[in-house]
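Please read the following note with the sequence and the model open side by side. The points move from the individual chains to the contact between them, and then to one helix.

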Amino acid sequence: MVPSVSLNSYLILSAILFTIGVTGVLIKRNPIIIFMCVELMLNAVNLTLVAFSRYQSTVAASTGLTPSHAIDGQMMVIFVMAVAAAEVSVGLGILVSIFRNRTSINVDEIDLMKG
Amino acid sequence: MTLLFALLATIAVVCGILMVVQENPVRSALFLVLVMFSLALLYLTLNAAFIAAVQVVVYAGAIMVLFIFVIMLLNLGTPEPMPNKLKPQTLLGIFAGLILVGVLVSMLVGNQPTGETLTSNLVGAKEIGLTLFDPGKPWLFPFEVVSILLLVAAVGAVMLAKKRI
């Protein structure tokens, strides 16, 4: 199956998704949606890694790497997923404990550390 | 193939934008699930079968269930109208996002990477496992570190959720 879609298409899609995530983090007040936007950014990076690992063959041929190195991007994706799962579990735990103390978790009302 | 990519990319981008503009967090979560599924299908078009399966199981399954649980726990279904202190930041944020996507896409459009594409086989669980646990490859140590990280995260989440620490 020879893909007719170029590497750049995947990278541009990934850039757009990443930007949606960044914009969401900047403009939303609900920290749960902010977490979802962070997940979206991680997913965009994962798409980049998988796309690069798919399109690596000519680089591998010219530098003496074996084609088995083409799987390296996918290994990194697995680690990114594990770190994302850990981050979400801890982050949502923090949100629950904030909600217990303050009854509101909107990010514009949590200003205890403001000088 | 191009049509499939265009369809999946459109679904992903539209659902991503809808996720950000929704006020209701439950709807945002459901749109995020749609983004995850379209990304899983995109991984399949890139011959990454195992990653696609893990994407569905871990992201669309486990992580989104965690999000829904916390939304339910915090009772955020109906957002009450409150003075939004971030109003001036919204326009600025959208502007910054447009600048970022412009810079990224313009960098990519100018540099078309040359070279033929890799016609590899589907990368399934077997290939991933053989690479992950091969002592000659650099992935075994990170694997162990990640297992400790997940343990720490589990213990930390339990500690944070306790009534009295």
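1. Helices (H or I, at least four residues) and strands (E, at least two) are DSSP runs, numbered from the N terminus. On this basis chain A has four helices and zero strands, and its elements follow the pattern α-α-α-α along the sequence. Chain B has six helices and zero strands.

2. The model is predicted: local features need pLDDT of at least 70, side-chain atom pairs count only at pLDDT 80 or more, and totals for chains, interfaces and linings use all residues. Residues are numbered from 1 along each chain as its sequence is written, while chains are lettered from A and ligands numbered from 1 in the order in which they are written.

3. A residue is called buried if 20 or more other C-beta atoms lie within 10 Å of its own, exposed if 12 or fewer, and partly exposed in between, with C-beta atoms placed from the backbone. Buried residues form 50% of the 115 residues in chain A, and 25% of the 165 residues in chain B.

4. Chain B is divided into domain 1 (1-78) and domain 2 (130-165); such bounds come from an automatic or database domain assignment. The C-alpha centres of these two domains of chain B lie 24 Å apart.

5. Two residues are in contact if their C-beta atoms, placed from the backbone, lie within 7 Å. By this criterion, 63 residues of chain A are in contact with 73 residues of chain B. On the side of chain A that touches chain B, the elements giving two or more residues are α1 (7-27), α2, α3 (57-63) and α4 of chain A. The most come from α4(A), with 20 residues.

6. Which helix of chain B has 26 residues? Helix α3 (residues 49-74) of chain B does, and it reaches 36 Å from its first C-alpha to its last, close to the 38 Å expected at 1.5 Å a residue. The expected span is 1.5 Å times one less than the number of residues. α3(B) bends by about 30° at M64(B), the bend being the angle between axes fitted to the seven residues ending there and the seven starting there.

7. Several residues of α3(B) are buried, including F50(B), Y59(B), I63(B) and F67(B). Their cover includes α2 (31-54) and α4 (72-102) of chain A, together with α2 (25-45) and α5 (125-132) of chain B. After α3(B) comes N75(B), whose phi is positive, near 55°.
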